[in-house]
Amino acid sequence: DSNINADGALTLDARSDQTIDATVFAGAVAVSVGVVGASLSGAGAATENRIATLVQAYIQGDKDGKGIVAGSVSLDADDGSTINASAEAVSVAAVLGLAGASLAIGVGTAHNAIDNHVASFIEGVDAGVTANGASTGDIRIAAHEDASIDARAQATSAAISLAIFSLALSGAGAGATNVIGGSTNATVDHSALGSQGSVTLLAENTATITAAAIDVIMRRIRPL
């Protein structure tokens, strides 16, 4: 609810650059030596990350029947949030003896979400927004979303049995869940615009997700 009268440019910029870097590692080793032996080993690693922001560049309302007058008007809302996450679990079980059994289990998970609302707008300016520059009288309303998620989940398990009577069991599971939601809007609502040049509304979303889930399972049985 303001009025402005400026000979030069009126520029309103809003930018968000939230960043999360997360690395989680879990390891477990079990070794059994004897006539009869058993080894059990388990490891799990998980990472969960979330970014949620509101990024706005806007003109809203007028005052005393007077609006906005400037040489040019530019509103720009921009988001470049990033999540880099890695979860890795390594489990090793080994047994040595006359009779033995080994069991190794590894689990790695990564859950990431970006839910940003990016908006650039002119709203409720009944008295008008005017760009009257002779050569620069443009009105530009722009919103950009360039969020990114780079996630990696890996689980490795190794079961080794070195015995005359041997049993080796190994299991691994890795999963990555990644979501980029939110909204990106550039709008004019219940407002009058006057321009000596162009009027541009631009809403752009170039969000990206790069994800990898890797399972590595090793089992070795070798009688003595």
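A search of the whole structure finds one aromatic pair. The ring centres of Y58 and F121 lie 4.9 Å apart and their planes meet at 5°, so the pair is stacked; rings of Phe, Tyr and Trp (its six-membered ring) pair if their centres lie within 6.5 Å, and planes under 30 degrees apart count as stacked, over 60 as edge-to-face and the rest as tilted. The pair links distant parts of the chain, with Y58 in strand β4 (residues 54-60) and F121 in strand β8 (residues 117-123), 63 residues apart. Y58 is partly exposed at a relative accessible area of 38%, whereas F121, at 11%, counts as buried (buried means under 20% relative accessible area, exposed over 50%, partly exposed in between, with a 1.4 Å probe and protein chains only).

This is a predicted model, in which local features need pLDDT of at least 70, side-chain atom pairs count only at pLDDT 80 or more, and totals for chains, interfaces and linings use all residues. Residues are numbered from 1 along each chain as its sequence is written, and side-chain values use heavy atoms, with hydrogens and water left out.

The protein has zero helices and 15 strands (helices, H or I, of at least four residues and strands, E, of at least two are DSSP runs, numbered from the N terminus). Its radius of gyration is 30 Å, well over the 17 Å that the globule rule gives for 224 residues, so the protein is more spread out than a compact globule; the radius is taken over C-alpha atoms, and the rule is 2.2 Å times the number of residues to the power 0.38. Along the principal axes, the C-alpha atoms fill a box of roughly 95 × 30 × 25 Å. Buried residues make up 39% of the 224 residues.

Strand β3 (residues 19-51) contains S32, which counts as buried at 15% relative accessibility. Leaving aside residues up to four places away in sequence, S32 touches G37, A38, S39, A94, V95 and L96, where contact means heavy atoms within 4.5 Å.

Most residues other than glycine have a negative phi. D64, in the loop between β4 and β5 (68-70), has a positive phi near 55° and is exposed, with a relative accessible area of 67%. H190 lies in the loop between β12 (183-189) and β13 (193-195); its phi is also positive, near 50°, and at 63% relative accessibility H190 counts as exposed.
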